[in-house]
Every structure is written in structure tokens, then in C-alpha cells.
Amino acid sequence: MQEQQLARPALYVVATPIGNLADISHRAVDVLSAVDVIAAEDTRHSGRLLQHYGITTPTLSYHAFSQEQRVTKLLERLDAGQAVALISDAGTPLISDPGHGLVSRARVAGHVVVPVPGPSAVTAALSVAGLPVHRFAFQGFPPARPAGRRKLFTTLVGEPYTLVFYEAPHRIRDSLEDMRTVFSGQRPAAICRELTKTWESVATGTLETLCEWLDASSDNRRGEFVVLVGGASGQDEDKEREREERAEQVLQILLDELPVSQAVALAVRLTGLKKNHLYGVALKLKD
Ligand code: SAM
């Protein structure tokens with residue numbers, strides 16, 4: 001791509017690595033080299049990445065608490081026909097990172113906003129956790145306070161799709177405990193830790209076994225985390241199927257010894273399933 005095209009007046013929202021510096025795209029390097037200015041969440045932090053790739057473009061800080069003034073300055077640069085890139089400390093800007101104010105105001109002002117896609121912890125985690133991904137809901141960081149956290153989990157308990165959370169190391173254990181309490185220990189889940197970095201690990205199991213995994217070693221509680229919790233419906237269907245299978249086995253044993261009505265009456269007491277339903281199953285088994 002020609003440099004003029006790369007640097008046409010626009011706001012480029014550029015994804016950067018979430019750990020492994022090699023994960024930056026060719027296009028991201030080209031765009032960051034070609035723009036007039038890079039708005040970075042933390043200029044010192046991003047300086048290391050830019051230096052690694054020999055990018056000498058001037059940087060400006062743009063963080064979560066950026067004043068109105070900073071946004072206005074960047075918009076003035078866009079008005080003046082400059083090309084501006086937005087990056088965050090890691091991954092895709094705006095994904096649990098600053099940038100929404102700038103992007104929305106740039107759009108309102110009629111500027112072109114161009115995505116330069118790449119890494120994000122949410123997609124990296126979903127791609128390896130082994131949980132269903134045809135539907136998922138990204139939840140960002142759960143509230144820091146236990147009451148708020150449990151309240152949020154309670155509102156999500158019946159959702160049928162995979163839930164994705166970011167969590168900080170000093171809260172990972174408490175957060176998992178609350179998930180276990182609210183979603184139940186049997187919910188399938190995954191913890192993706194330090195993705196793309198030296199100590200990358202992906203632990204899968206249930207919320208119960210993952211709590212045990214966190215307790216097994218303090219190393220397991222260090223670093224950056226994405227927690228994924230399987231949706232409700234798949235699990236409910238599995239449980240229902242299991243219950244049906246168990247009821248059928250129980251009925252079969254009872255039918256070998258007793259008349260249908262007595263076998264069904266006992267099976268109702270043993271399984272808790274409805275009499276009519278078990279009666280139908282018993283007749284089928286008899287056939
Ligand atoms: N914008 C980033 C993205 O696209 O993923 C997320 C920024 S958010 C401030 C930082 C959080 O993302 C971390 O606390 C952690 O939950 C998650 N995260 C970022 N990098 C990660 C990694 N390498 N492994 C696991 N989680 C990561």
C-alpha cells in the first residue's frame with residue numbers, strides 16, 4: 001500500500017500485541033510509521049513497541065482521564081488534514097481501554113475512522129478455550145466490590161451463551177469463588193492466563209475445578225487473565241439428558257421385579273420426575 005494512502009487524513013484505530021511483540025500486523029507497523037501523530041494510552045509503555053519496530057512518529061498521551069482539551073486537540077489535527085493513530089497499552093483500543101470519546105467525537109465531526117485490526121485478549125481466549133463461540137457476550141471487568149460482582153453474575157446466570165470476563169490478578173480468586181457460588185461449581189469454564197507470553201497457560205474444567213487450580217499454586221494467580229464461563233442452556237440440556245438416562249435405568253430395574261404401576265410409583269420417588277412422563281417411559285421399556 002502507498003504511504004499516501006496509509007496517511008490519508010483519518011483516525012486509525014490500531015491494535016497492538018497483548019504480550020508477544022511479534023503479533024503486530026505489517027499494516028499496523030506501516031500505518032503507525034506513516035501517520036502524523038500517535039495518540040497512546042501511555043507514551044512510555046508504547047515507546048518500547050515503537051522503538052522495537054523503528055517507528056519514529058511523534059506520540060501524544062491519550063488515557064482514560066484525558067481531558068476534553070486533549071480530544072479537542074486531536075480533532076483539530078484531523079480537521080487540519082492530519083492522519084492520527086490511536087493505540088492502547090495492549091490489544092485493541094476501546095476494548096476495556098480508552099478511546100471511545102475520541103472515536104465517537106471523530107465520527108460526529110464527520111472524520112473517517114479506520115480500523116487496523118489485530119490482537120485482543122477476548123478473541124485470543126475464545127479461540128483456545130474450547131467453549132462454544134458461535135454466540136458469546138464480552139463483559140469486560142466485573143465490578144471490584146463483591147456485592148456488585150455477585151449482582152452482575154446473578155443477572156447473567158440464565159444466559160445461554162459463553163460469557164467472557166477480564167480480571168485482575170488480585171481479584172481472580174475472589175471473583176472465581178463468586179462465579180462458583182452464583183453459576184454453580186459444575187459450570188464449564190476456562191481461565192486463560194498470560195496469553196502469548198512466556199508463562200501462557202489455559203486451564204479448562206468447571207468453576208469448581210478451576211478454583212482448585214487457582215489454589216494449587218500462587219503462580220496460577222499471577223499475570224493477566226481472561227475468564228470464560230459456558231452458557232446456561234447447554235449445561236441444562238446435558239443435565240436433563242443425564243436425568244432422563246438415569247430414570248430409564250432405574251425404571252428398567254424396577255420393571256424387572258414389579259408391575260408397571262408400582263415400578264412407576266417408586267421411580268417417581270427415586271428420580272423426582274413426573275408420573276405421566278415415567279409411565280410413558282415404562283410402557284416403552286415394556287415394549
Ligand atoms: N484492549 C485490551 C484487549 O484488546 O484485550 C484489553 C485491555 S484491559 C485494560 C487489560 C486486561 O485484558 C487484563 O487485565 C486482562 O484481563 C486482559 N488481558 C490483556 N492481555 C492479556 C493477556 N496477554 N493474557 C490474558 N489476559 C490479557
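The paragraphs below cover the pocket and then the ligand.

This is a predicted model, in which local features need pLDDT of at least 70 and side-chain atom pairs count only at pLDDT 80 or more, while totals for chains, interfaces and linings use all residues. Residues are numbered from 1 along each chain as its sequence is written, and side-chain values use heavy atoms, leaving out hydrogens and water.

Begin with the largest pocket, whose volume is about 490 Å³. A pocket here is an open set of points on a 1 Å grid over the protein atoms alone, where a 1.4 Å probe fits, with protein on both sides within 12 Å along at least five of seven lines; lining residues have an atom within 4 Å of a point. The volume is the space filled by probe spheres set on the points, which are joined across faces, edges and corners. Its lining has 24 residues, and A90, A121, F141, Y166 and E224 lie nearest the centre. Strands β7 (162-167) and β10 (225-229) each supply at least two lining residues; strands are DSSP runs (E, at least two residues), numbered from the N terminus.

Now for the ligand, which sits in this pocket, meaning that more than half of its atoms lie within 2 Å of the pocket's grid points. Surrounding the ligand are 19 residues, the closest being D97, S120, A121, Y166 and F225; each has a heavy atom within 4 Å of it.

An N or O atom in the side chain of S120 is 2.7 Å from a ligand oxygen, and a polar side-chain atom of E224 lies 3.3 Å from a ligand nitrogen.

Definitions and conventions. Helix = DSSP H or I, 4+ residues; strand = E, 2+ residues; numbered from the N terminus. Polar contact = N/O pair within 3.5 Å; in protein donor to acceptor, adjacent residues only side chain to side chain.
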